[in-house]
Amino acid sequence: MRYMKLAGCNVPAIGQGTWYMGEDPARRAAEVAALQHGIELGMNLIDTAEMYAEGGAEEVVGQAIAGRRDQVFLVSKVYPHNASRRGVPAACERSLARLGTDVIDLYLLHWRGQYPLEETVEAFERLREQGKIRRWGVSNFDVDDLIELDRPDCGTNQVLYNPVQRGIEFDLLPWSRQHRLPTMAYCPLAQAGKLLQHPLLHEIAERHGATPAQVCLAWVTREDGVIAIPKAVSPEHVRLNAAAAGLTLTSEDLQAIDRAFPAPTRKQHLAMV
Ligand code: NDP
């Protein structure tokens, strides 16, 4: 596994997402097992949110990390409609209870909502002082939002990034690098849609004895400062995602990807899912 610095800790370049986990009790055991398998393979950063299955995903994570909390870097997110002075601590308490822990390593504002940023940050800071979170950060923030936030202590910005959704490369990614703000890339596999069928990704994968999904993960994490958080329940997907940390793309591979999926040449509206 390759490691990067995030919120003062060493975290794997490839972690684990949890969206759509916790929705179906019949799949719970497989979801718990997938996260545990991922931790054993070094993907010990887990990303979740109170939104996912309305707390159900956090419960799955809680079950997966029981007895191994110390091995895991835990990221969760507060809904914008809970991001008020009173709402943040209450939401955090509920998340902590579902996660079965007394501290969240990195607590994010899921996207901007109706509450002033200063109010949310003040509530995050209070949680940090109380030891309920170690650091805080944001998600789905564009450059203008980060400038308005104006907080060098923000731990990360979690945004959409994969070979077909490269908008952040025009300005957000360079800005974040310049300000030493780590980026967490969500939907790094473009939710396993058409992208994974693309002939070029198959061709590159074949050259490396890898899969198109592994090529996506190697591409997303090709430079320091970007952490990918693929979600996988299938045991084979979990194994492949962890192994993708050992895949390095050549400059020819990267150029071919640039030709097939060109980098943005002008400002794009920040894409979200
Ligand atoms: P991903 O791009 O991670 O795709 C997930 C899909 O890919 C699943 O269907 C999974 O299948 C499949 N998959 C996983 N590994 C492989 C593999 N090696 N080969 C082929 N298919 C694979 O999409 P997500 O939307 O889940 O994004 C990742 C995470 O990012 C989320 O789970 C969530 O934690 C976070 N997120 C954050 C957002 C935000 O607003 N901050 C928005 C969206 C996501 P299977 O499960 O069957 O193995």
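A residue is called buried when its relative accessible area is under 20%, exposed when it is over 50%, and partly exposed in between, using a 1.4 Å probe and the protein chains only. By that rule Val143, with a relative accessible area of 13%, is buried. The model is predicted, so local features need pLDDT of at least 70 and side-chain atom pairs count only at pLDDT 80 or more, while totals for chains, interfaces and linings use all residues. Residues are numbered from 1 along each chain as its sequence is written, and side-chain values use heavy atoms, with hydrogens and water left out.

**The ligand and its surroundings**

- The ligand sits in the largest pocket, where a pocket is an open set of points on a 1 Å grid over the protein atoms alone, with protein on both sides within 12 Å along at least five of seven lines, and sitting there requires that more than half of the ligand's atoms lie within 2 Å of the grid points.
- Around the ligand there are 29 residues, of which Asp47, Gln191, Lys231, His237 and Asn241 come nearest; a residue is counted as near when one of its heavy atoms lies within 4 Å.
- Sorted by class, this shell holds 16 nonpolar, 10 polar and 3 charged residues, where Ala, Val, Leu, Ile, Met, Phe, Trp, Tyr, Cys and Pro count as nonpolar, Asp, Glu, Lys and Arg as charged, and the others, Gly among them, as polar.
- Helix 9, which covers residues 235-243, gives the most to the shell, with 3 residues; helices (H or I, at least four residues) and strands (E, at least two) are DSSP runs numbered from the N terminus.

- A nitrogen atom of the ligand lies 3.3 Å from an N or O atom in the side chain of Tyr52.
- For Ser234, a polar backbone atom is 3.0 Å from an oxygen atom of the ligand, and for Pro188 a polar backbone atom is 3.5 Å from an oxygen atom of the ligand.
- Of the 900 Å² of accessible area that the ligand has on its own, the protein covers 88%, with areas taken from the Shrake-Rupley method and a 1.4 Å probe.

**Two loop residues with positive phi**

- Most residues other than glycine have a negative phi.
- Ala7, although not a glycine, has a positive phi of about 50°; this residue lies in the loop between strand 1 (3-6) and strand 2 (9-12), and it counts as buried because its relative accessibility is 17%.
- Ala190 also is a residue other than glycine with a positive phi, near 50°, and its place is the loop between strand 8 (183-186) and helix 7 (199-208).

**Residues in strand 1**

- Met4 lies in strand 1 and is buried, with a relative accessible area of 4%; its C-alpha atom is separated by 9.5 Å from that of Ile14, 10 residues apart along the chain.
- Lys5 is likewise found in strand 1 but is exposed, with a relative accessible area of 54%; from C-alpha to C-alpha, Lys5 and Ile204 are 29 Å apart in space and 199 residues apart in sequence.

- Leu127 belongs to helix 4 (residues 117-129) and counts as buried at 1% relative accessibility, while Leu127 and Ala242 are 115 residues apart in sequence and 32 Å apart in space, C-alpha to C-alpha.

Methods. A polar contact is a pair of N or O atoms within 3.5 Å; within protein, one must be able to donate a hydrogen and the other to accept it, and residues adjacent in sequence count only if both atoms are side-chain atoms. On a 1 Å grid over the protein atoms alone, a cavity is a set of points where a 1.4 Å probe fits but cannot get out, and a pocket is an open set with protein on both sides within 12 Å along at least five of seven lines; lining residues have an atom within 4 Å of a point.
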